[in-house]
Amino acid sequence: MKRIIILGSTGSIGTQALEVVDKYPNEFEVVGLACNSKELILEQIGKYKPKYVAVVDSSLANKIKVTFPAVEIFVREEGISRLAGVKVDLLVNGLVGISGLKPTLEAIKAGSNIALANKETLVAGGELVMPLAKEMGVEILPVDSEHSAIWQSLTAKNVKRILLTASGGAFRDWTKDQLVDAKACDALKHPNWDMGAKVTIDSATLMNKGLEIIEAMHLFDVDVDDIKVLVHRQSVVHSMVEYADGSVIAQMSYPDMRLPIQIAMLYPRRGEFAFNTYDFIGKNLTFEDADEDRFPCLSIAKYCAKEKGIAPVIMNAANEILVKAYLDNKIKFYDIPYYIRCALDKFYQGQRIESEAQIYCVDGEVRRYIVSLIG
């Protein structure tokens, strides 16, 4: 059996990963589970009987101790990193935000392969993560549907470019004038996917696609100029790889995150369970250029991808704070790219990444600055 740890077990990725475990009960042993504060983890502990559990909330940790005295518990964010340092066959990282970086590094140091759904790990720390993974002989297996599609489509050498598809998000048909007053409650109405709030807002601003460009650069060792974003409203073609001879290989499936999660968890073999199938009869598949004028976060991310160094760290930290402020109705839609640019103007002078500590130092400074600006 493949011994696994799931970080973010009560979130969208984590619960779907556990659905995969349910479909293959003889394939996986759940060694550890981690979450921030949701009591759903009590139900998960009772069902999957992990040896280790990590929770950020100390009151929830006390409740787990009383209910499951045999479970070893790690508390607070450092507890999640301690759990990630337990050697297993596969660690599924479904955490949200920069909090996913340190556990990823700890898992790599422990020699665990990683099914990575946490974008910020590579956006902020890819220049540390990928060389360390190579040094430790650890495989980073992509979970995002787009990166999973690219991974599956890389069947030969002589790659010309990657075609990264985007649904376009909830605001894909809104004009620029309409977007000025676009509300978070409207942004959360994603047309194709059921995702967490932060990812759904990033999808609406197209920052999600910008983050994925940076991820793809690190995962597949390509330049930003060799990645093209296409808006594909149907979310059936999850991404494509174009080769030097003009041929294009695409991965296509019904938009269901359980499939790329299953592919990463069962790697190197493919599973036999189909969560959903797509009926192509009578359907149209369309592709459009992404509009960087209406969605400037994409152009900001492309700039940061080219600059590398701490530019993506600054962008990511600012974006995390601004997305939360937007969800809380404290700022408007176009305040997100505006304040990200303010942070880049203040903090970025071409600095390279030299250490993990530097990443967290810059991340903290940027967050405090953005909070001071928006109040």
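Two packed helices are described by the angle between their axes and the distance between the axes. In the predicted model, helix H5, which covers residues 101-110, packs against helix H6, residues 119-136, at an angle of about 0 degrees, and the two axes lie 10 Å apart. Since angles under 35 degrees count as roughly parallel, H5 and H6 are therefore roughly parallel to each other. On the H5 side, the contact is made by Leu101, Thr104, Leu105, Ile108 and Lys109, which meet Thr121, Gly125, Val129, Leu132, Ala133 and Met136 of H6. Sorted by class, the residues in this contact of H5 with H6 comprise seven nonpolar, three polar and one charged.

Rolling a probe the size of a water molecule over the atoms shows where empty space is left. In terms of class, the lining of the largest cavity is made up of six polar and four nonpolar residues, with no charged residue among them.

The second largest cavity, with a volume of about 30 Å³, is lined by Glu127, Ile214, Met217, His218, Ala305, Lys308 and Pro312. Helix H11, spanning residues 207-220, accounts for the largest share of this lining, with three residues. Here the residues divide into four nonpolar, one polar and two charged, whereas the lining of the largest cavity contains no charged residues.

Turning to charged pairs, the count of salt bridges in the model comes to 30. One of the salt bridges is formed by Asp22 with Lys47, whose closest N and O atoms are 3.2 Å apart. Asp22 belongs to helix H1 (residues 12-23) and Lys47 to helix H2 (residues 40-48), so this pair ties together parts that are 25 residues apart in sequence.

How values were computed: Residues are numbered from 1 along each chain as its sequence is written. This is a predicted model: local features need pLDDT of at least 70, side-chain atom pairs count only at pLDDT 80 or more; totals for chains, interfaces and linings use all residues. Side-chain values use heavy atoms; hydrogens and water are left out. Axes are lines fitted to C-alpha atoms, for helices over the stretch in contact, and angles run from 0 to 180 degrees between N-to-C directions. Helices (H or I, at least four residues) and strands (E, at least two) are DSSP runs, numbered from the N terminus. Angles under 35 degrees count as roughly parallel, over 145 as roughly antiparallel, 65 to 115 as roughly perpendicular and the rest as oblique. Contact means heavy atoms within 4.5 Å. Ala, Val, Leu, Ile, Met, Phe, Trp, Tyr, Cys and Pro count as nonpolar, Asp, Glu, Lys and Arg as charged, and the others, Gly among them, as polar. On a 1 Å grid over the protein atoms alone, a cavity is a set of points where a 1.4 Å probe fits but cannot get out, and a pocket is an open set with protein on both sides within 12 Å along at least five of seven lines; lining residues have an atom within 4 Å of a point. Grid points are joined across faces, edges and corners, and a volume is the space filled by probe spheres set on the points. A salt bridge is a side-chain nitrogen of Lys or Arg within 4 Å of a carboxyl oxygen of Asp or Glu.
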